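Here is a short report on how the chains are built and how they meet. Have the structure open while reading.

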There are 2 protein chains.
Amino acid sequence: MFDYKLLSALAAVVEQAGFERAAQVLGLSQSAVSQRIKLLEARVGQPVLVRAAPPSPTEIGRRLLNHVQQVRLLERDLQGQVPALDEEGQPERLRIALNADSLATWWAQAVGAFCVANHLLLDLVVEDQTVGLKRMRAGEVAACLCASERPVAGARSVLLGAMRYRALATPGFMARHFPGGVDVHSLARSPGLVFGPDDLLQHRYLAALGVEGGFEHHLCPSSEGFLRMCEAGLGWGLVPELQVREQLARGQLVELIADRPVDVPLYWHHWRNGGQLLGRLTEHLARSAAHWLVPLA
Amino acid sequence: MFDYKLLSALAAVVEQAGFERAAQVLGLSQSAVSQRIKLLEARVGQPVLVRAAPPSPTEIGRRLLNHVQQVRLLERDLQGQVPALDEEGQPERLRIALNADSLATWWAQAVGAFCVANHLLLDLVVEDQTVGLKRMRAGEVAACLCASERPVAGARSVLLGAMRYRALATPGFMARHFPGGVDVHSLARSPGLVFGPDDLLQHRYLAALGVEGGFEHHLCPSSEGFLRMCEAGLGWGLVPELQVREQLARGQLVELIADRPVDVPLYWHHWRNGGQLLGRLTEHLARSAAHWLVPLA
């Protein structure tokens, strides 16, 4: 078996963002914590922490941390069956990768009550789907919410529904760039908004309308920032409908082409051996996500 | 001089997110674009592109891209003086690193009209200040908005003002965790929200109130997601006042301790030799940011 005294020291340093706080939480001296980390590094043969303020885990450190989380989840299951083992309701942590738009819109409402009821703390990581799934494969996250269906080895995926996007711009932008209506030529010449180099939603929207070649665009890797830039008239872009109900109702944003939504599926990937808590979170999401997502056509 | 035919090919592939679109934009065959990239790689002695869909620049590729942007900015200045050189008002790109909270709140409103008037496209990168400044030093971004004053070599920094944060939670959260009032003991036991391992705002807020040691918290590296989690009652956290005016007015969120804001300074770092457009953007920000930021005490 691993030495969990050493692993707990690593987890405490990262979770408490420093050796001093970690020592306080563990009830040890700072040098004792430091020694445990060094011993751990001697065992694994490489650094587990980047000594910065605050310290951050190296890649191997992240894997060890995730292992600690997995073990804690399994311990938690056992504590449910053997209540005497329970250490006064310690919170559990779950590391989850998800797409920025879900986090900016429905995620917190969907999991809020579940987390409070189960004393669950979330370590969220915003990643596009390729990276998110790679992190799952490497065991760095316990679950991943993304548009790709194919599960990695050891995991299952379940379709939660689809997020509906609308291609939007301000009325001022429409008047400036589409005075004669939205057509292939005016679309090709109007600045767009793109989340990042992996975001092809806008490219696909244009391609489906017959617009060939590139288009000028701003890059804005923030869900909220993307919407703000759209509202400021900097460009048109595909925005989650959930995020713009008020702006649409007030007429601050309008659709480029009426009633032409783009639906992006969302799959919940989760470890098969992730413990009961992850299992129940999965059931909870499968049951409740339909409230915010649309059925996949 | 560098061979700008090769560098333009690299820029086109990245900006157009593919060889095919890049070829269309450049008016070349796809294999010609491919050859230019290979020639460029032979010259620099290492890959400049990661061949994925879409292709992304390697580290050296990013530096070359940024150099192209710099040269384009300088060309643009010259075109202003020699209008005949102007290639039918080609848009300019500027790569800027900034903090997530600015992007989620005031940034787009502050720069929107400027970008439209100057046909300026933004490549935004969300980074915490350490990484943002490192990217400036490496020449990967032309400007950086962050809380640190000290400029990197070759750059200047100017104080734009401070962003005001409030420590907030829902009334339900307050009733659950602070039934007898907010004090050192109840604060230490209440779950908080933390943006990421580099975010020490909450830690400092607690330390100033005399709360020692760590505190349990969710990690949520998204400005909008952070607010959503706060609204869903998952934890308390420091949120930009700009982002929550409505929620405060409606009583959906309340301050943990009345009228105890935290002000975080924002400095605009910019290349000294960044060209006139960057210079004018700097002047514009220095003039207008006070509309959203508060004076630094």
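In this predicted model, the C-alpha centres of domain 1 and domain 2 of chain A are 46 Å apart. Domain 1 of chain A covers 1–64, and domain 2 covers 163–263.

Confidence comes next. The average pLDDT of chain A is 88, and 94% of its residues score at least 70. Residues 82–88 of chain A fall below 50. Beyond near neighbours in sequence, that stretch makes three contacts in the model. Low pLDDT means that predicted coordinates should not be read in detail.

Now the pairing of the chains. Chain B superposes on chain A by a rotation of 180° with 0.0 Å of shift along the axis, at an RMSD of 0.0 Å. The two copies are therefore related as by a two-fold rotation axis. Both copies use the same surface: 100% of the contact residues of chain B recur in chain A. Among the residues of chain B, Glu224(B) comes closest to the rotation axis, with its C-alpha at 3.0 Å.

The interface in figures:

| Item | Value |
|---|---|
| Contact residues, chain B | 49 residues |
| Contact residues, chain A | 49 residues |
| Buried area, chain B and chain A | about 4,000 Å² |
| Share of buried area from carbon and sulfur atoms | 59% |
| Polar contacts, both residues at pLDDT 80 or more | 14 residue pairs |
| Salt bridges between chain B and chain A | zero |

Which elements of chain B each supply at least two residues of the side that touches chain A? They are α2 (19–26), α5 (100–104), α6 (107–118), β4 (120–126), β8 (217–219) and α11 (223–231). β4(B) gives the most, with seven residues.

Terms used: Residues numbered from 1 in each chain as written. Chains lettered and ligands numbered in written order. Predicted model: local features only at pLDDT ≥ 70, side-chain atom pairs only at ≥ 80, totals over all residues. Heavy atoms only, no water. Least-squares fit on C-alpha atoms with pLDDT ≥ 70 in both. Contact = heavy atoms within 4.5 Å. Domains from an automatic or database assignment. pLDDT = per-residue confidence, 0-100. Buried area = accessible area lost by both parts, 1.4 Å probe. Salt bridge = Lys/Arg side-chain N within 4 Å of Asp/Glu carboxyl O. Polar contact = N/O pair within 3.5 Å; in protein donor to acceptor, adjacent residues only side chain to side chain. Helix = DSSP H or I, 4+ residues; strand = E, 2+ residues; numbered from the N terminus.
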